[in-house]
Amino acid sequence: MASLSVSRHNHLFSGPLPARFRPTLSGPTRIRMSLRENGPSIAVVGVTGAVGQEFLSVLSDRDFPYRSIKMLASKRSAGRRITFEGRNHVVEELTAESFDGVDIALFSAGGSISREFGPVAVDRGTVVVDNSSAFRMDEKVPLVIPEVNPEAMHNIKAGMGKGALIANPNCSTIICLMAATPLHRRAKVLRMVVSTYQAASGAGAAAMEELELQTREVLEGKQPTCKIFNQQYAFNLFSHNASVLSNGYNEEEMKMVKETRKIWNDNDVKVTATCIRVPVMRAHAESVNLQFERPLDEDTARDILKNAPGVVVIDDRQSNHFPTPLEVSNKDDVAVGRIRRDLSQDGNKGLDIFVCGDQIRKGAALNAIQIAEMLL
């Protein structure tokens, strides 16, 4: 049987991804304190996928307490072995009975699986934290970024025998709102214009492999292999591969519009987005233009962001040093820079910022684990 091994700081996923793209073990080895009799029982659905493997890395990094953990995946992956925190686990096929006795289930197996098994888990008393888009816009399901709107899930706790669904927002929405929300709280955002620069990792390990393959092929003068995307990715960029809707926006862009309004509980905020795939391996970048109701100067904004949880400011104009995807890859914090007044708006009612965040980490797995921590 195939075997996967998850260790501290192994923030990428196992499988065919080239070793040079996977971080190596660093820092002193320490005794794991996560396995505790008084911890919740947890299940990871889609454990062999990109975000599923990242779930395990984050659980380990944060010493998330658990008394038992189930590794769940499709029938195709059942029987594989995963080494997690020094113990061997066999991947089980996902069934309705998988959730018997499970307090918290972390889902990242796609929307169709979430729609089928999420309610089943809830009926068995499990609190489901779902990484897909299946339930995000359901008015009865909280859509949560812990640093932004923790109050949305204030009445949900694990281990009480009462199931519930909680949705993880889209990765681009999370990265954007981590930076925009502290400023919104001070000056109230009236309109937000976002342009994203999204990495291959957002489309999974196969897309990352194809970008590497295409790069070699193009440099060797060969025709690039285009299986994941229908056009050349290496040395190119193109509109996000999500389906384009009748209004001309693609689904990724409309997720940012709708999710921002729900998370901020403000249907009047104006949001527009343009989402682009760029030939970067991991971590998304976003240019964000903000229009405020009240004045907010750039120095005050910089101070606010420096004190915001989960945010680091990289804004060195003298050295022309600002956030990059490489700097935030495998990091928990979202980086913000290029903080400046929008000269096209009168007074101090407009700002431009540039944001980078690891969309597998904070944009997916870390955000979900932070939600799970709030359930304890």
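I began with the contacts: 16 residues of domain 1 touch 15 residues of domain 2, counting heavy atoms within 4.5 Å. The model is predicted; local features need pLDDT of at least 70, side-chain atom pairs count only at pLDDT 80 or more, and totals for chains, interfaces and linings use all residues. Numbering runs from 1 along each chain as its sequence is written, and side-chain values use heavy atoms, without hydrogens and water.

I checked the bounds. Domain 1 is 41–168 + 365–375 and domain 2 is 172–358, from an automatic or database domain assignment. Their centres, over C-alpha atoms, lie 26 Å apart.

Next I took the buried area (accessible area, 1.4 Å probe, that two parts lose on being put together, summed over both). The two domains bury about 1300 Å² between them, and carbon and sulfur atoms give 65% of that. On the domain 1 side, Ile145, Glu147 and Val148 lose the most, together 38% of what that side buries.

I then looked for salt bridges (side-chain nitrogen of Lys or Arg within 4 Å of a carboxyl oxygen of Asp or Glu). The rule finds two across this interface. I also noted a salt bridge between Arg282 and Glu54, at 3.4 Å, N to O.

Is α1 mostly covered or open? I found 11 of its 12 residues buried, meaning under 20% relative accessible area with a 1.4 Å probe, protein chains only. Glu54 and Phe55 are among them. Just after α1, Asp63 has a positive phi of about 50°.

Methods: Buried means under 20% relative accessible area, exposed over 50%, partly exposed in between (1.4 Å probe, protein chains only). Helices (H or I, at least four residues) and strands (E, at least two) are DSSP runs, numbered from the N terminus.
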